[in-house]
Amino acid sequence: MASFAILFITLGLIIFNLFQSSTYKSIDKDIRNQVVAIKKQPNMQKQTNPDPHDPNNHFINSKPDPKAPFQASILVFNNKGKLTNKSSLGNRYSVLKNIKLNKRNVNLKQTIVVNNMNFRSILIKVSKKNNNPMYAGNYVLIMQNIDTQIQAIQNFEQILIVTFFIFWIIALVISYFLAKINMLPIVKSWKQQTEFVNDAAHELRTPLTIIQGKLEYMLTKPNKKIIDEAEAISVSLDEVNRLNSLTNNLLVLARSDSATTKLNFELTKPDFFLKDPIEPFKDIINSQSKVFQINLIHRPTLYLDRDKIKQLLIILLDNATKYTPKNGTIKIYDQMEGSKYQFVISDTGVGVVDKDKNKIFDRFYRVDKSRNTNSGGHGLGLAIAKQIVTVHKGHIYVRNNLPHGSEFVVELPIKH
Ligand code: ADP
């Protein structure tokens, strides 16, 4: 509001001043023309006008000045300040008779008000050598009525104020809506940030409460041996591990949010980042009586941070293993989709219902909280996965694996 007001007021003042000064300049120019005309009175002998006493006739007497204004009045004072051209003023005399000669104002441009009429005036002392005896040796006050110009300036001022006010209101309405639109993503991310902090605090509190409970319980039995309290100790250790992984994940997210993680992008082929993380899962999955199938055949050139993609693969394989029951099948395969390379981790597990398909990539979102707490999740894995894919200008989504289970598709751009 303030900046628009300042802009409009400044603009208004500049325009108004320019208009005012140009109006006064043109009036002063007219008066100057008259001064020049009076001072250069031509020889009376050459004049055709029979009335040499009418000073207002100097335009007609000599070469008429085409720029001389009609609103001009000329008052001639003698040295004693007496008005000497009463007759030539006609009915204007009744208005102008109150004007007194002030010799100090010689050559000064002034704006004077007489009977509510505005005049721009200049007083000159005409030399005794002037050819017009009416002027010679006298003081001549040239006055030009400027009521029309003042009226125009006032009208202009009013129009300017009204216009600027209307435009200011329009600018305010527009800026209000623009600001609102611009604020949307900020408000959204601010809300997300607050939710994130709340969720993080909540997630941290649960294991801490459990550890505190177990430690307090053990304190009540100071004479017991460690072996007797193995269960309490192991539960506490589990929670410490959970806390550890949670803080690590939080740190990963916070670092990528603030873009402080340095990424090592390089040109590479899928062999160099898919094989390593897959290897340990072969044993883990088989040991859980599940089937692991690998079908990676494409070798496009990609530009990526291998460690980050490895981390992404671990998250997806870990989830597939977690959410697939015994005898289920976990599969990883790849395919080319136009200028994109896709690798897909599919499982025959619990699957993801449609309404959760987007939400599971949000921070701390878990489909079944109680079940997932047991399986050790905090709902941060897929949020990290999405962040990794985003920095690689790729795309990650989940689709159904028929007849049951889910398929997580990671799409990465191919470097040509
Ligand atoms: P969590 O640590 O809880 O697994 P994630 O962010 O990795 O957190 O996953 C978010 C949620 O998405 C999980 O809680 C789970 O409900 C769902 N989910 C992830 N992967 C799978 C999968 N392979 N099958 C079924 N549900 C899954």
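Helix 5 supplies 7 residues, the largest share, to the lining of the second largest pocket in this predicted model. Helices here are DSSP runs of H or I with at least four residues, strands are runs of E with at least two, and both are numbered from the N terminus. A pocket, on a 1 Å grid over the protein atoms alone, is an open set of points where a 1.4 Å probe fits, with protein on both sides within 12 Å along at least five of seven lines, and its lining residues have an atom within 4 Å of a point. Residues are numbered from 1 along each chain as its sequence is written, and local features need pLDDT of at least 70, while side-chain atom pairs count only at pLDDT 80 or more and totals for chains, interfaces and linings use all residues. Side-chain values use heavy atoms, with hydrogens and water left out.

The space in this second largest pocket comes to about 470 Å³, a volume being the space filled by probe spheres set on grid points that are joined across faces, edges and corners. Of its 17 lining residues, Gln192, Phe361, Asp362, Arg363 and Ala383 are the closest to the centre. Helix 5 (147-219), helix 6 (230-257) and helix 10 (381-391) each give at least two residues to the lining, which divides into 6 nonpolar, 4 polar and 7 charged residues; Ala, Val, Leu, Ile, Met, Phe, Trp, Tyr, Cys and Pro count as nonpolar, Asp, Glu, Lys and Arg as charged, and the others, Gly among them, as polar.

The domain bounds, which come from an automatic or database domain assignment, divide the protein into domain 1 (2-47 + 55-145), domain 2 (156-257) and domain 3 (266-413). Because domain 2 and domain 3 both contribute lining residues, the second largest pocket lies between them. The C-alpha centres of these two domains are 26 Å apart, and 13 residues of domain 2 are in contact (heavy atoms within 4.5 Å) with 12 residues of domain 3. About 1200 Å² is buried between them, 60% of it from carbon and sulfur atoms, where buried area is the accessible area (1.4 Å probe) that two parts lose on being put together, summed over both. Glu203, Arg242 and Leu253 supply 44% of the area that domain 2 buries against domain 3, more than any other three residues.

For residues 159-179, an unreviewed UniProt entry lists a "transmembrane region", and such annotations may be inferred rather than shown by experiment. In the model this span is 100% helix and 0% strand, with its end C-alpha atoms 29 Å apart.

Leaving aside residues up to four places away in sequence, Tyr24 touches Thr111, Arg120, Ile146, Ile150 and Ile153.

Two loops hold backbone details. Phe364, in the loop between strand 9 (340-347) and helix 9 (369-374), has a positive phi of about 65° although it is not a glycine. Pro403 sits in the loop between strand 10 (395-400) and strand 11 (406-413), and the peptide bond from Leu402 to Pro403 is cis, with omega near 0°.
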